[in-house]
Amino acid sequence: DLGPLESAISDLGDDAPVLRGEALSITSVVYWHARRGDLAVAAANEALKLAERTDTTRLRADALYARGLGLMQDIELEESLRDLREGARLAREVGDPWLLGWPLPRIPPPLITLGRVLEAEPVVEEARVVTLKTGDWAGVSLALAYRVVVDCLKGSFHEVESHAAAGLDAARRSRYPWGAAIFLPTLASARCARGAFDEAEDAVQMLAERGFIIDEPGLALSAIAFVYRVLIKAAAGETEIARQQLRPVLDAVLRAGRRDIQSVAGYCALAEAAHYLNEPDVAQAQYESLTFALGKGAVLCATWGFLIPRVLGVISADNHRWDDAEVHFNEALRIAQASRIPPELARTCLDYASMLAQRGAAKDRERAAGLLGEAALIFDELGMHPFVARTSGLAAHFDAPIITAAARAAYPDK
């Protein structure tokens with residue numbers, strides 16, 4: 001309820017412009033939490049006007065941080081990144097590490113979403129150091145959350161486990177759940193990739209368990225946990241259970257989605273679950289929103305680690321739109337190679353080859369065999385055992401030999 005705060009801001013008038021600006025920045029962040037990016041940006045713009053009028057650097061830094069969050073919410077990624085970086089620069093200028101600890105951990109998500117993973121890595125480390133120095137455990141949990149995301153995208157799954165454990169300690173210490181809402185699903189993603197499906201469910205369950213991080217997780221965290229549990233069940237081959245969980249609530253889940261940054265990973269999760277469940281209509285229902293996000297420059301999800309063009313390729317293939325699928329898969333290959341994210345590179349190779357198998361054109365055999373060979377080497381090296389099995393099965397369809405890293409080491413002349 002912003003009524004009392006808005007009334008107080010109105011009562012201040014022009015007598016205390018800096019205090020009024022600080023209150024407007026707080027209002028902006030509240031609107032961001034409520035997923036009203038437009039109102040968040042409007043309130044932050046008012047705060048920035050007062051900062052300029054009073055020439056107050058601290059207020060300018062705070063208002064830029066707030067506006068950066070609102071812009072990120074609305075998938076205005078480059079603009080968000082610009083504001084957050086400028087807010088961090090001004091915080092350094094005034095020499096306030098606590099003020100710096102607000103924008104700094106929020107710079108990695110737009111970088112990751114834009115596919116600039118390597119650029120995000122040093123920012124994550126600086127954010128961890130700064131927030132540890134100030135004892136801001138909520139900020140520490142957020143910095144570690146994006147450390148987990150970067151680790152997962154790089155295929156550094158052992159580091160995912162250790163950084164997620166440290167993030168969980170920080171989240172429980174601060175009782176701030178939103179870092180955990182990022183790193184626990186991403187921990188589940190890493191575990192799914194290696195076939196540890198029960199352990200993946202354990203990670204997601206922590207998010208929605210009463211008293212584990214906060215006393216009452218609420219609807220938002222419970223909904224996040226639900227969608228990922230369905231995906232894990234589907235990926236594990238427990239398709240009937242996943243279908244029974246999803247179908248009764250599917251309409252409500254689809255209605256709850258928005259065209260904002262927080263919804264994108266959920267759309268990807270639903271599309272992937274639908275792929276495993278052979279439900280092309282459910283996958284297709286996510287296509288328009290994901291295309292919108294891609295048009296805004298979003299190529300990766302800074303939760304779980306979905307590569308958006310790959311997911312769009314899967315949706316198109318499931319609905320037999322072969323040309324669209326090929327365009328999406330080629331874009332996904334380009335981004336995965338440029339961003340140096342081997343798990344998604346290998347998954348794109350596998351999904352692309354699977355599409356070629358479905359299309360059934362004789363001309364596709366050589367291309368599919370090459371994709372499967374590249375995927376198999378990466379999956380084997382990273383210990384992504386379920387995907388090694390899927391790749392081998394599809395290779396048999398094409399009568400294509402698969403050489404794993406272990407075989408290449410044993411027979412280097414082959």
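**Exercise 1. Ser-25 and helix 2**

Ser-25 sits in helix 2 of this predicted model. Is Ser-25 buried or exposed, and which residues does Ser-25 contact beyond its sequence neighbours?

*Solution.* 
- Step 1. Take the relative accessible area of Ser-25: 1%. Buried means under 20%, so Ser-25 is buried.
- Step 2. List the contacts, leaving aside neighbours within four places in sequence. They are Ala-47, Leu-59, Asp-62, Ala-63 and Ala-66.
- Step 3. Ser-25 and Arg-60 lie 35 residues apart in sequence, and their C-alpha atoms are 9.6 Å apart.
- Step 4. Widen the view to the helix. The buried residues of helix 2 include Gly-21, Leu-24, Ser-25, Ser-28 and Trp-32. They pack against helix 1 (3–12), helix 3 (37–54) and helix 4 (57–73).

**Exercise 2. Helix lengths**

*Solution.* 
- Step 1. Helix 2 covers residues 17–33, which is 17 residues. The expected span is 1.5 Å times one less than the number of residues, so helix 2 should span 24 Å. Its end C-alpha atoms are 24 Å apart, in agreement.
- Step 2. Helix 8 covers residues 117–134 and has 18 residues. Its first and last C-alpha atoms are 26 Å apart, close to the expected 26 Å.
- Step 3. Look just past the ends. Arg-35 follows helix 2 with a positive phi near 65 degrees. Gly-135 follows helix 8 with a positive phi near 75 degrees.
- Step 4. Find the cover of helix 8. Its buried residues include Val-117, Ala-120, Val-124 and Thr-131. Among the elements that cover them are helix 7 (108–113), helix 9 (137–154) and helix 20.

**Exercise 3. Positive phi in loops**

Arg-175 and Asn-278 have positive phi values. Where does each residue lie, and how accessible is each?

*Solution.* 
- Step 1. Recall the background. Most residues other than glycine have a negative phi.
- Step 2. Phi is near 60 degrees for Arg-175 and near 55 degrees for Asn-278.
- Step 3. Arg-175 is in the loop between helix 10 (157–174) and helix 11 (180–193). Asn-278 is in the loop between helix 16 (261–276) and helix 17 (280–284).
- Step 4. Arg-175 has a relative accessible area of 36%, so Arg-175 is partly exposed. Asn-278 has 65%, so Asn-278 is exposed.

**Exercise 4. Helix 20 against helix 21**

How are helix 20 and helix 21 oriented to each other?

*Solution.* 
- Step 1. Read the geometry. The packing angle is about 160 degrees, and the axes are 9 Å apart.
- Step 2. Apply the cut-off. Angles over 145 degrees count as roughly antiparallel, so helix 20 and helix 21 are roughly antiparallel. Their crossing is left-handed.
- Step 3. Turn to Arg-347 of helix 21. Arg-347 has a relative accessible area of 11%, so Arg-347 is buried. Its contacts beyond four places in sequence are Glu-272, Tyr-276, Arg-310, Phe-379, Met-384 and Phe-387.

**Exercise 5. The core**

Which residues have the most contacts inside the largest nonpolar core?

*Solution.* 
- Step 1. The largest nonpolar core has 147 residues.
- Step 2. Phe-183, Leu-290, Phe-306 and Ile-308 have the most contacts inside that core.
- Step 3. Follow one of them. Beyond four places in sequence, Leu-290 touches Val-264, Tyr-267, Cys-268, Ile-308, Val-311, Leu-312 and Ile-315.

Conventions. Residues are numbered from 1 along each chain as its sequence is written. This is a predicted model: local features need pLDDT of at least 70, side-chain atom pairs count only at pLDDT 80 or more; totals for chains, interfaces and linings use all residues. Side-chain values use heavy atoms; hydrogens and water are left out. A nonpolar core is a set of buried Ala, Val, Leu, Ile, Met, Phe, Trp, Tyr and Cys residues joined through side-chain atoms within 4.5 Å. Buried means under 20% relative accessible area, exposed over 50%, partly exposed in between (1.4 Å probe, protein chains only). Contact means heavy atoms within 4.5 Å. Helices (H or I, at least four residues) and strands (E, at least two) are DSSP runs, numbered from the N terminus. Axes are lines fitted to C-alpha atoms, for helices over the stretch in contact, and angles run from 0 to 180 degrees between N-to-C directions. Angles under 35 degrees count as roughly parallel, over 145 as roughly antiparallel, 65 to 115 as roughly perpendicular and the rest as oblique. A crossing is left-handed if the near helix is turned anticlockwise from the far one by less than a right angle, and right-handed if clockwise.
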